[in-house]
Amino acid sequence: MAWKTLDDMDLKGKVVLIRVDINVPVENGRVTDATRIEKIVPTVADVVSRGGKPVLLAHLDRPKGKVVPEMSLRQVLPALKSALAGRRVLFADDCIGAPAKQAVAAMERGDVLLLENTRFHPGEEKNDPMMAASLAALGDIYVNDAFSAAHRAHASTEGIARLLPACAGRLMQAELKALEAALGKPVRPVVAVVGGAKVSTKLDLLGNLVGKVEHLVIGGGMANTFLVAQGLEVGRSLAERDMAETARGILAKARAAGCTIHLPADVVIAREFKAQAANEVVAATACPPDAMILDAGPQAVANIARVFETCRTLIWNGPLGAFELEPFDAATNAAARKAAELTAAGKLVSVAGGGDTVAALNKAGAASGFSYISTAGGAFLEWMEGKALPGVEALNQ
């Protein structure tokens, strides 16, 4: 890895500015899911144990450069204190200027300081050099532990990293290590599963993957567009018919790169888009005009399982069907459980990410069986697309 980690830094007596992602759901002033807060604990604990004073930089929601009381990070303090049980957690009413400086000066060994929402300042999202300098003036070392915000070139994710000795935190380190194992230097063969509604939103992703993996499984509404591209009728199914030519181009690029694209041989159809709708399994070539494809069929799932068994690395983004509605979650559930089974047996390295993907794997009860589940969303997708992430690139300076 080209970037430094906490292991490379002397933290004793240093004020350590840590960019974290604690952009958690809040209702009526209370955190309803503290998962992201819990994930930053290893980095914070490591900094404290090595004599550093951790100062947390974070955002909440999208105030767009204005002070919005309903988006104050003060609301996450109780959950943060709970996660950091036994530690004194301080709060500053601003992330720069006198309030922040005074709060840093008041810290004692073992304390943790949370600064107010960085996005209350327009300079944050503009990556204003003055904003970055004001943040950097508060500390001695910068640690980025927010991979999920690494695709944004903001003052607290990119600008500050160029002004202080910088490294990756434990969560960022784990994420980068997992991603390197999945696409950077994977054990081959590699299979990618890409699902979701629209081809148009994942053109860069598909274009990058066909040149990097041996097998590409396409599911969800995207698969319908590829079926249309092959001259098949998909009835009332979700499909981007105007993207058929683009889909044919992706198929041609895959053939030239030696990547096998797998589309469903059979599908589950229904006349209504609702849970427990009457349904049947038909060949992908036989969707009736009045029906819609809502899931991959059992033969398609069996084919995916065989592909998984021949591969050593799996990267997954997007469900195979309308997983929110039973029984149209069957293909996603079965494939996810197969991946988890092979991972547990030491036969597969499995990395997955993206909002719907995490929800689908959790619903299948398979998430805990994957090698790594990324909650990074946009950053995970841009990494899969082969794009440089500013927050990671800055750590290499």
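Select phenylalanine 308 and tryptophan 316, both of which are buried. The model you have open is predicted. Show the two rings: their centres are 6.4 Å apart and their planes meet at 55°, so this pair counts as tilted.

Now colour by secondary structure. Tryptophan 316 sits in strand S15 (residues 313–317), while phenylalanine 370 sits in the loop between H14 and strand S17 (372–374), so their contact ties together parts 54 residues apart in sequence.

With Phe308, Trp316 and Phe370 all selected, you are looking at one aromatic cluster. The structure as a whole has three aromatic pairs.

Next, move to the largest pocket. To centre the view, select Gly196, Ala197, Gly220, Gly221 and Gly321, the lining residues nearest its centre. The volume of this pocket is about 640 Å³, and 43 residues line it.

Which elements each supply at least two residues of the lining? Select strand S10 (215–218), helix H10 (220–229), strand S14 (292–296), helix H12 (298–310) and helix H14 (355–364).

Last, colour the lining of the largest pocket by residue class: 20 residues are nonpolar, 17 are polar and six are charged.

Note on methods:
Residues numbered from 1 in each chain as written. Predicted model: local features only at pLDDT ≥ 70, side-chain atom pairs only at ≥ 80, totals over all residues. Heavy atoms only, no water. 1 Å grid on protein atoms, 1.4 Å probe; cavity = no way out; pocket = protein on both sides within 12 Å on 5 of 7 lines; lining within 4 Å. Points joined across faces, edges and corners; volume = space filled by probe spheres on them. Helix = DSSP H or I, 4+ residues; strand = E, 2+ residues; numbered from the N terminus. Nonpolar A, V, L, I, M, F, W, Y, C, P; charged D, E, K, R; others polar. Phe/Tyr/Trp six-rings, centres within 6.5 Å; stacked < 30°, edge-to-face > 60°. Buried < 20%, exposed > 50% of the residue type's maximum accessible area, 1.4 Å probe, protein only.
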